[in-house]
Amino acid sequence: MSYKIALYPGDGVGPEVVTEAHKVLEALPVAFDFTLFDWNSGLYASTGRCAPEDYLDRLMPFDAILLGALGDAAKAPDHIAVEPLLAMRKGFDQYVNIRPAVLYEGVDCPLKNVKAGEIDMVVIRENTEGEYTSLGGRHYVGTPNEAAMQVNYFTRMGTERIMRYAFETARKRERRHLTSITKSNALKYSMVFWDAVLADVAVDYPDVTVSPMLVDAAAMNFVRSPRMFDVVVGSNLFGDILTDIAAVIVGGMGFAGSANINPTRKFPSMFEPVHGSAPDIAGRGKANPIAAVLSTAMMCDFLGELDCAERVRAAVRMHLTEGKVRTPDRGGSDSTSAVGDDIVKKLQG
Ligand code: ATP
């Protein structure tokens with residue numbers, strides 16, 4: 001049996017980091033059947049789109065999708081370029097976005113007195129509704145009465161299932177602690193509802209300790225006391241913002257992998273680095289591919305290839321601890337592909 005994997009490198013540094021992640025997957029003792037989809041912002045000028053109209057149908061038969069990054073402002077408007085990303089999350093009901101943040105040995109932490117291993121959290125972000133539902137509109141455009149409205153839409157089903165996933169994740173970890181990100185002091189409908197669903201679901205998980213935390217306090221505490229976090233659950237917008245902070249405190253955007261999961265497996269799940277297309281460094285072999293490589297470990301976890309997932313993480317750990325090959329974000333001058341090659345070497349060693 002082989003796993004059918006769609007490679008969707010996209011824009012900017014996406015192709016550079018996906019090439020390295022692909023190398024790592026090829027080095028594992030598992031049969032993967034890869035198909036490359038060369039869809040990106042370059043298609044916009046000739047087609048008015050950044051992917052063909054039937055892209056979801058074409059991705060549907062795959063077990064998993066490995067995405068690089070979408071967005072190249074020089075070639076296509078951003079909201080059109082990222083449309084396939086949001087469409088995959090919603091169309092494939094990838095309602096769980098898992099974003100771990102681990103401070104590895106050999107990585108510089110921008111925070112004072114924080115050592116390797118002291119940051120080890122996983123943010124579970126709701127991925128299909130909330131603030132990113134695309135409900136709303138603009139009215140009286142270009143007139144003095146111009147108005148815009150964007151609706152935050154939280155369903156009980158959507159909120160409950162993300163809470164349950166977060167509790168289940170916490171239950172499997174040593175500390176068994178869940179922080180729920182809220183703003184119920186100001187958002188008195190959506191976030192009061194979020195807190196109420198949390199309380200309802202918590203009853204089924206007496207073995208997990210829970211603390212609600214306001215999003216502004218969480219932003220402060222990610223920087224001030226990152227050790228306090230184990231599993232964190234947040235809405236689409238709050239999770240999006242907090243995971244950029246989480247990435248930076250464990251070394252930068254080059255270290256943060258992620259998974260967009262449909263736990264029912266009715267649809268393919270998608271794996272991608274948290275970072276975007278990084279136009280400032282794209283095309284120069286400067287991108288750190290570790291975020292994309294760690295995303296392949298999450299893919300292996302999801303496929304049930306737990307041994308391979310652990311081997312990839314162990315190879316990354318060895319590569320970082322040794323610290324001989326470094327992209328510029330780690331103060332080195334090695335290339336994206338040199339890092340990929342070194343990780344493969346560790347994997348095979
Ligand atoms: P998006 O809105 O799509 O998340 P963005 O433009 O906000 O994208 P990124 O593309 O993630 O942000 O880039 C943010 C910063 O992080 C940039 O300075 C970029 O160079 C850096 N960066 C992003 N990815 C990497 C990487 N893989 N290696 C090194 N630096 C990176």
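This is a predicted model: local features need pLDDT of at least 70, side-chain atom pairs count only at pLDDT 80 or more; totals for chains, interfaces and linings use all residues.
Me: How is the protein divided into domains, and how far apart are the centres of domain 1 and domain 2?

Reply: Domain 1 takes in 1–95 + 262–349, and domain 2 covers 120–249. Their C-alpha centres lie 25 Å apart. In the contact, domain 1 supplies 7 residues and domain 2 supplies 11 residues.

Me: How much area is buried between domain 1 and domain 2, and which residues of domain 1 lose the most?

Reply: About 850 Å² is buried between them, with carbon and sulfur atoms giving 51% of that area. On the domain 1 side, R89, K90 and Y95 lose the most area to domain 2, together 68% of what that side buries.

Me: What makes R161 and D93 a salt bridge?

Reply: The closest N and O atoms of R161 and D93 are 2.8 Å apart. The cut-off is 4 Å between a side-chain nitrogen of Lys or Arg and a carboxyl oxygen of Asp or Glu, so the pair qualifies. Between domain 1 and domain 2 the count is 1 salt bridge. The count of residue pairs in polar contact between these domains is 4. The residues of domain 1 that touch domain 2 divide into 3 nonpolar, 1 polar and 3 charged.

Me: Why is N262 called buried?

Reply: Its relative accessible area is 0%; buried means under 20%, so N262 is buried. N262 is found in the loop between β11 (257–261) and β12 (269–273). Leaving out residues up to four places away in sequence, N262 touches F92, D93, Q94, F267, S269 and F302.

Me: How do you know that the side chain of N262 makes a polar contact with D93?

Reply: A polar atom of the N262 side chain lies 2.9 Å from the backbone oxygen of D93. The limit for a polar contact is 3.5 Å, so this distance falls within it.

Me: Is V232 buried or exposed?

Reply: V232 has a relative accessible area of 0%, so it counts as buried under the 20% limit. V232 sits in strand β10 (residues 231–234). Not counting residues up to four places away in sequence, the residues V232 touches are M121, V122, V123, I124, L178, T179, I181 and F222.

Me: Why are S134 and Y140 called exposed?

Reply: The relative accessible area of S134 is 57%, and that of Y140 is 58%. Exposed means over 50%, so both residues qualify. S134 lies in strand β6 (residues 130–139), and Y140 lies in the loop between β6 and β7 (147–153). S134 has a positive phi of about 65° although it is not a glycine. Y140 also has a positive phi, near 50°, in a residue other than glycine.

Me: Why are R164 and E160 separated by about one helical turn?

Reply: R164 and E160 are 4 residues apart in helix α6 (residues 156–171), which means about one helical turn between them. An α-helix has 3.6 residues a turn, so residues three or four places apart point the same way. The closest N and O atoms of R164 and E160 are 3.3 Å apart, in a salt bridge. R164 has a relative accessibility of 27% and E160 has 25%.

Me: How many salt bridges does a search of the whole structure find, and which residues are linked in a network?

Reply: The search finds 22 salt bridges. D301, E310, R313 and R317 are linked in a network of them.

Key:
Residues are numbered from 1 along each chain as its sequence is written. Side-chain values use heavy atoms; hydrogens and water are left out. Domain bounds come from an automatic or database domain assignment. Contact means heavy atoms within 4.5 Å. Buried area is the accessible area (1.4 Å probe) that two parts lose on being put together, summed over both. A polar contact is a pair of N or O atoms within 3.5 Å; within protein, one must be able to donate a hydrogen and the other to accept it, and residues adjacent in sequence count only if both atoms are side-chain atoms. Ala, Val, Leu, Ile, Met, Phe, Trp, Tyr, Cys and Pro count as nonpolar, Asp, Glu, Lys and Arg as charged, and the others, Gly among them, as polar. Helices (H or I, at least four residues) and strands (E, at least two) are DSSP runs, numbered from the N terminus. Buried means under 20% relative accessible area, exposed over 50%, partly exposed in between (1.4 Å probe, protein chains only).
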